[in-house]
Amino acid sequence: MSSLIAPGPAFLPQRLFAPHTDNVARLFPEPSDRFHPALEYMIDLKPDQGNFLADVLAGLADRPRSLSPKYFYDRVGSALFDAICDCDEYYVTRTEMALLQDISADIAALTGAHANVIEYGAGSGWKIRLLLQALDQPAEYAALDISRDHLEHAVGALAQDFPAIRIGCICADFTRFHHLPDDVAQGKGRTLGFMPGSTIGNLDPEQAVHFLGNVKEQMGPGGALLIGADLKKDHAILQAAYNDKAGHTAAFNLNLLKRMEQELGAKLDQGGFAHHAFYNEQAGRVEMHLIAEGTQTIEIEGNRFTFQDGETLHTENSHKFTIAEFQDLARKAGFLPEKVWTDAKKLFSIHFLSVPQDG
Ligand SMILES: C[S@@+](CC[C@H](N)C(=O)[O-])C[C@H]1O[C@@H](n2cnc3c(N)ncnc32)[C@H](O)[C@@H]1O
């Protein structure tokens, strides 16, 4: 892994892009400066800078207390997420991958040749391999994720395996990412967004519509989005999926406290909080919380937050959808639902949404 670590920003040439990307630090393509010889670009919008402290302080002061799930994904959190994907109870990854394989010919036909693929929340990049293999001569793949280390490692390896495709990385918060940088999506085919894993379910419905509206603008007229959405189902399946016996989901949730200690100097008792996940039927979502066992305090930079026994910090929502609910969200964002597939057990859905030619 160490050979894949890019030199720090202080050693890199800096260049300003257009105003909307004015904090872009770019790795120029001189061999010595490049992160990985197979990567075409690395665009780092530094999504974490300053925000973690401010968001933790605001989230702990708020009622109910909450923190965005995007903060799960430091290097350790991303590795823990991979472990979750391997759990028997977590049906999402294996179901979506099998479905992607089954429908690969349909996706290729709908997308057409020489596509530019932009993935939102790329993670370890297993699913994109299936998509790139399925598509007809894809021109470009841009992987966007908030977790820079994980992104660099995964996409560097991918680029080696797909030398005919122009492959690059964008480290950014997709909820604050409004325009594709000029150098991205240069192939002559359709621009196709890809968002597997039901990451969309981490956003509240209003945020999801807003986010999808941005993606629609980024794909442009004639573009499309291939997106995975987890379906409403038997609560016992959901309960098991977010409370795996090996404890990976619990470790993933509790890792937030470690991040607070390590990165913000927080004083807290990690053993005083437990993982708590349940299906909230009324809201149609699985909720994850960190629940205080006994009275607990978290101190950060002179701010002291007290949790009474049983009080929680709400750390994630995973919204579950019916097909109609998800298509409704997509339409509100300006997409046309063109095709939807589900697995035989109706656990998961994949939607092909298109952007009308007139915008
Ligand atoms: C649920 S995981 C899905 C990973 C992978 N796409 C999959 O299908 O298995 C969510 C991914 O999105 C990334 N992510 C979460 N919030 C993000 C944000 N606000 N901006 C960019 N990436 C984000 C995480 O780092 C993680 O890789």
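Q: What domains is the protein chain divided into?
A: The chain is divided into domain 1 (17-46 + 90-232 + 321-354) and domain 2 (51-79 + 235-319), with bounds that come from an automatic or database domain assignment. This is a predicted model, in which local features need pLDDT of at least 70, side-chain atom pairs count only at pLDDT 80 or more, and totals for chains, interfaces and linings use all residues. Residues are numbered from 1 along each chain as its sequence is written.

Q: What makes residues of domain 1 count as in contact with domain 2?
A: Two residues are in contact if their C-beta atoms, placed from the backbone, lie within 7 Å. On that basis 15 residues of domain 1 are in contact with 14 residues of domain 2.

Q: Which residues of helix 2 are called buried?
A: A residue is buried if 20 or more other C-beta atoms lie within 10 Å of its own, the C-beta atoms being placed from the backbone. In helix 2 the buried residues are Gly 77, Ser 78, Leu 80 and Phe 81. Seen down the axis of helix 2, they fall within an arc of 160 degrees (taken from the directions from the helix axis to the C-beta atoms), so they line one face of the helix.

Q: Why does the span of helix 2 agree with its number of residues?
A: The expected span is 1.5 Å times one less than the number of residues. The 12 residues of helix 2 should therefore span 16 Å, and its end C-alpha atoms are 17 Å apart, which agrees.

Methods:
Helix = DSSP H or I, 4+ residues; strand = E, 2+ residues; numbered from the N terminus. Buried ≥ 20, exposed ≤ 12 C-beta atoms within 10 Å, placed from the backbone.
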